[in-house]
Amino acid sequence: TRSTRPQRLLGAVQKNATRGDPGSVIQAIDHYCRNKEWAMNVGDEKGCILDSVVSEVNPATVLELGTYCGYSTVRIARLLPPHAKLITLEFNPAVAAIARQVIAWAGLEDKVQLVEGASGDFIPRIKEQFGVKTFDLVFLDHWKEYYLPDTKLMEECGLLRKGSVLLADNVVCPGAPDYLEYVRSSPRYESRYFKSHLEYTKVEDGLEKSVFLG
Ligand SMILES: O=C(NC/C=C/[C@H]1O[C@@H](n2cnc3c(NCCO)ncnc32)[C@H](O)[C@@H]1O)c1cc(-c2ccc(F)cc2)cc(O)c1O
Ligand SMILES: [Mg+2]
């Protein structure tokens, strides 16, 4: 049977990237998706904005919602200090299996905990199950209609502290209008839009960075 897009993306990593070299994994995926087959990775242009936010926050605890093939997982994990932890949630087992191999190829498995399951089920259990009190940084890149409900759930579960940073992909394309309205109008967030482009295209998209004020 025909391979899947994630399987072909993993093939490009195994063929063109050097084991243990996260930068070469990122480059291999971007080259494949720009020249051969588009895929919904945050990409190189928005990826640089992601890098700058990660470096600025220098987080000890990171939550990623929507691993997909692990491209942004690798981008974030490669910048983390030695004992920092990144928990990434992915509910499609076939996709999670690909992401595990991409993360392993980059040599970052010790910094990443990939959890298979739906964010709505896992967010309430993260504290007791993973011993995390609060997250310094959350990267939202899963189904766009879940950005808002999951943000409210994280607030209710006490997973955000004064200064926690939420960084949301695709706030323009495909868009997350209810989420944007919420973080931009709520007195509990300081929000800022980083204008960019949809990965590997000239279409406008951007990242919204929202600091939780407690
Ligand atoms: O749709 C986009 N991303 C979704 C990601 C989904 C991945 O995350 C997983 N996932 C989803 N919901 C949950 C969940 N919780 C919620 C459900 O319980 N809990 C755990 N995992 C979850 C899926 O299994 C996938 O692996 C997107 C589209 C375009 C796009 C733009 C323009 C176009 F023309 C076409 C496409 C560009 C982008 O950058 C994009 O990120
Ligand atoms: Mg995205």
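**Exercise 1. Tyrosine 193**

Task: With which side chain does the side chain of tyrosine 193 make a polar contact, and at what distance?

Solution. Step 1: In this predicted model, the side chain of tyrosine 193 makes a polar contact with the side chain of glutamate 204, at 2.8 Å.
Step 1: The side chain of tyrosine 193 also reaches the backbone oxygen of aspartate 205, at 3.3 Å.
Step 2: To place the residue, note that tyrosine 193 is found in strand 6, which covers residues 189-197.
Step 3: Leaving aside residues up to four places away in sequence, tyrosine 193 touches Val171, Val172, Arg184, Glu204, Asp205, Gly206, Leu207 and Glu208.
Step 4: The relative accessibility of tyrosine 193 is 25%, so the residue counts as partly exposed.
Step 5: Asparagine 92 is 101 residues from tyrosine 193 in sequence, and 30 Å away in space, C-alpha to C-alpha.

**Exercise 2. The partners of strand 5**

Task: Do strand 4 and strand 5 run parallel or antiparallel, and how many bridges join them?

Solution. Step 1: Strand 4 and strand 5 run parallel and are joined by five bridges.
Step 1: Take phenylalanine 139 as an example: its bridge partner in strand 5 is leucine 167.
Step 2: From strand 4 the chain passes through helix 8 to strand 5, a β-α-β crossover that is right-handed.
Step 3: Strand 5 also pairs with strand 7 (residues 204-212), here in the antiparallel sense and over four bridges.
Step 4: Within strand 7, serine 210 stands opposite leucine 166.

**Exercise 3. Aromatic rings**

Task: How many aromatic pairs does the structure hold, and why is the pair of tyrosine 189 and phenylalanine 212 tilted?

Solution. Step 1: The structure holds five aromatic pairs.
Step 1: For tyrosine 189 and phenylalanine 212, the ring centres are 5.2 Å apart and the planes stand at 55°, so the pair is tilted.
Step 2: This pair links distant parts of the chain, with tyrosine 189 in strand 6 and phenylalanine 212 in strand 7, 23 residues apart.
Step 3: Tyrosine 189 counts as buried because its relative accessibility is 4%.
Step 4: Phenylalanine 212 is buried too, with a relative accessible area of 4%.
Step 5: Elsewhere, Phe91, Trp143 and Tyr146 form one aromatic cluster.

**Exercise 4. Glutamate 199**

Task: Where is glutamate 199 found, and is glutamate 199 buried or exposed?

Solution. Step 1: Glutamate 199 is found in the loop between strand 6 and strand 7.
Step 1: The cut-off for a buried residue is under 20% relative accessible area.
Step 2: Glutamate 199 has a relative accessible area of 4%, so this residue is buried.
Step 3: Among the residues that glutamate 199 touches are Trp38, Met40, Lys46 and Asn170, not counting residues up to four places away in sequence.

Terms used:
Residues numbered from 1 in each chain as written. Chains lettered and ligands numbered in written order. Predicted model: local features only at pLDDT ≥ 70, side-chain atom pairs only at ≥ 80, totals over all residues. Heavy atoms only, no water. Helix = DSSP H or I, 4+ residues; strand = E, 2+ residues; numbered from the N terminus. Buried < 20%, exposed > 50% of the residue type's maximum accessible area, 1.4 Å probe, protein only. Contact = heavy atoms within 4.5 Å. Polar contact = N/O pair within 3.5 Å; in protein donor to acceptor, adjacent residues only side chain to side chain. Pairing = 2+ DSSP bridges. Right-handed = clockwise from strand over helix to strand, strands pointing away. Phe/Tyr/Trp six-rings, centres within 6.5 Å; stacked < 30°, edge-to-face > 60°.
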